[in-house]
Amino acid sequence: MNAARTALLAVVFALVACQAPAEYTPPPDPKVDPAALLRPTFDTREGVSSAGHAFLIHHNGATVLVSAHHILGPAGGLKHPIAWDHVPAAVNKVTATSGDKTVTSTRALAIEGARALEPRDPSADLSAFLVDDAAGVPALELADTMPKTGDYVWLFAEVIGVANRGRTLHRGSVSAVTDKELRYIFADTELKLQATSGAAVLDAKGKVVAVNLGGGANVGVVFGVGNPATSVRARLDKAIPAPAPR
């Protein structure tokens, strides 16, 4: 079976999983505290970007604010893109809000090789910032294992449109998974993905399986692409080495 046919079948299976007959009962949404969803503002030497989403995780003893690297560029409203090795000096402060709670960071990490989304390797699109005070905002947890094709996932984000007002979990089904990307198709064929870059993609247990990077619509299908948790963990391991055992 050639690669094109395999990819087509994966899409078909994902569609069947997302858009099942009326008598089918959709799976329950994962349990996740809505306060974990953050909307960030990046104060940089290239200007201010108030775009996308972010979330907290704990990694190697640190509290880390995670988002997408491409927000630190024209896609986020900045004049010029910020190279990965310039991020610590170029990002003055990040302020991320959830309701009446505010998380701040003045310590941007240099994620080696980070760059804006590229179709061949989405795994490089990552930004991260050390946080001293989580301000009561709950942290999410990176999944230990990646989902399989056909598994359900949920985009944890605020989206535009009256139909989704007040909703933060948007169900999809995995259509492809590799070490470099996670792809998923949404059950809602009219879902608007604008400004969802940097949002968490969750599995049925509420654990993060990817950082959402973007997506689009084609022949009536709304799809998303994310930076898989396996890559996120590996890149954070380089940026935040584990503490030495005592």
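Buried means under 20% relative accessible area, exposed over 50%, and partly exposed in between, and these terms are used in the legends below for a predicted model.

Close-up 1. The side chains of Asp121 and Arg115 form a salt bridge in which nitrogen and oxygen are 3.5 Å apart. Asp121 has a relative accessibility of 14% and is therefore buried, since this value falls under 20%, whereas Arg115, at 30%, counts as partly exposed. The pair belongs to a network of salt bridges that links Arg115, Glu118 and Asp121.

**Close-up 2. Asp132 and Arg107 pair across parts that are 25 residues apart in sequence.** A salt bridge connects Asp132 with Arg107, and their closest N and O atoms are separated by 2.5 Å. Asp132 lies in the loop between strand 8 (127–131) and strand 9 (152–156), while Arg107 belongs to strand 7 (residues 107–108), so the contact ties these parts together. With a relative accessibility of 68%, Asp132 is exposed, and Arg107, with a relative accessible area of 38%, is partly exposed.

**Close-up 3. Glu181 forms a salt bridge with Arg183.** In this pair, the closest N and O atoms of Glu181 and Arg183 are 3.0 Å apart. The relative accessible area of Glu181 is 15%, which places this residue among the buried ones, whereas Arg183 is partly exposed at 27%.

Conventions. Residues are numbered from 1 along each chain as its sequence is written. This is a predicted model: local features need pLDDT of at least 70, side-chain atom pairs count only at pLDDT 80 or more; totals for chains, interfaces and linings use all residues. Side-chain values use heavy atoms; hydrogens and water are left out. A salt bridge is a side-chain nitrogen of Lys or Arg within 4 Å of a carboxyl oxygen of Asp or Glu. Helices (H or I, at least four residues) and strands (E, at least two) are DSSP runs, numbered from the N terminus. Buried means under 20% relative accessible area, exposed over 50%, partly exposed in between (1.4 Å probe, protein chains only).
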